Every structure is written in C-alpha cells, then in structure tokens.
Amino acid sequence: MAHYRASESKREQFRRYLEKAGVLDSLTNVLVALYEETEKPNNALDFLKHHLGVAGAEPADAEALRLELTELQQKWDLLMKENKDLRNRLLQYEPAPEDKAAE
C-alpha cells in the first residue's frame with residue numbers, strides 16, 4: 001500500500017510540473033483544435049506537431065532560407081545605395097521639398 005502512495009505522489013508531482021510548465025494547457029488547446037476541425041487530417045500526429053510548433057524547417061530548407069536571406073539583404077543594400085544616389089542626382093535638378101515650403 002505504501003508503494004502505491006509513493007507512486008501516486010510522484011504522479012501528482014509530475015502532473016503539477018506539467019501544469020506549471022504550461023504543457024497541459026498547450027496539449028489541451030491543440031487537442032481541442034483537432035476536435036473542432038471539420039475535416040479531420042489524415043495524420044493526427046502531424047497536426048499536433050504542426051500546431052505545437054514542433055514541425056520546424058528541415059536543415060536543408062533552413063540553409064536554403066539563410067542563403068536567400070543573405071542574397072536579399074545584399075540586393076536591398078544595393079537598392080538603397082542606388083536610391084540614395086538617384087535622390088542626390090534629383091536634388092541637383094529640383095529644390096528640396098523643404099525649400100518650396102519656405103517660399
């Protein structure tokens with residue numbers, strides 16, 4: 001009987017741990033979302049992973065995204081430089097908007 005109570009105590013401690021960490025709420029919310037789906041997914045486990053945020057990008061996908069981000073940042077830098085150069089050239093031919101307001 002004492003062994004049963006010790007086991008029950010450990011179980012209760014673990015339940016409190018899960019509750020404190022927010023695990024129970026997260027699982028409950030995802031399971032409710034699955035329950036409320038009108039068209040149940042073919043793979044419930046994938047649904048749970050996706051909604052818990054477990055299904056992250058694959059390493060190859062992440063690397064491709066990093067490369068794309070680097071390329072886009074370089075392109076953005078070039079476009080910003082070009083924009084600045086064009087604005088400076090435009091100012092040679094037109095007065096700044098602040099000058100018109102002063103007139």
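## Salt bridges in the model

A salt bridge is counted where a side-chain nitrogen of Lys or Arg lies within 4 Å of a carboxyl oxygen of Asp or Glu. The model considered here is predicted, and it holds five salt bridges.

## Helix H4

Helix H4 spans residues 59-93. Glu63 and Arg66 are three residues apart, about one turn of the helix. Glu63 is partly exposed, at 39% relative accessibility, and Arg66 is also partly exposed, with a relative accessible area of 49%.

A salt bridge also joins Asp85 to Lys81, with 3.3 Å between the closest N and O atoms. Asp85 and Lys81 are four residues apart in helix H4, which places them about one helical turn from each other. Asp85 has a relative accessibility of 36% and counts as partly exposed.

## Helix H1

In helix H1 (residues 2-21), Glu12 and Arg15 are three residues apart, a separation of about one helical turn. Their side chains meet in a salt bridge, at 2.5 Å from N to O. Glu12 is partly exposed, at 30% relative accessibility; Arg15, with a relative accessible area of 36%, is partly exposed as well.

Glu12 and Arg15 also belong to a network of salt bridges that links them with Arg16 and Glu19.

Technical notes
Residues numbered from 1 in each chain as written. Predicted model: local features only at pLDDT ≥ 70, side-chain atom pairs only at ≥ 80, totals over all residues. Heavy atoms only, no water. Helix = DSSP H or I, 4+ residues; strand = E, 2+ residues; numbered from the N terminus. Buried < 20%, exposed > 50% of the residue type's maximum accessible area, 1.4 Å probe, protein only.
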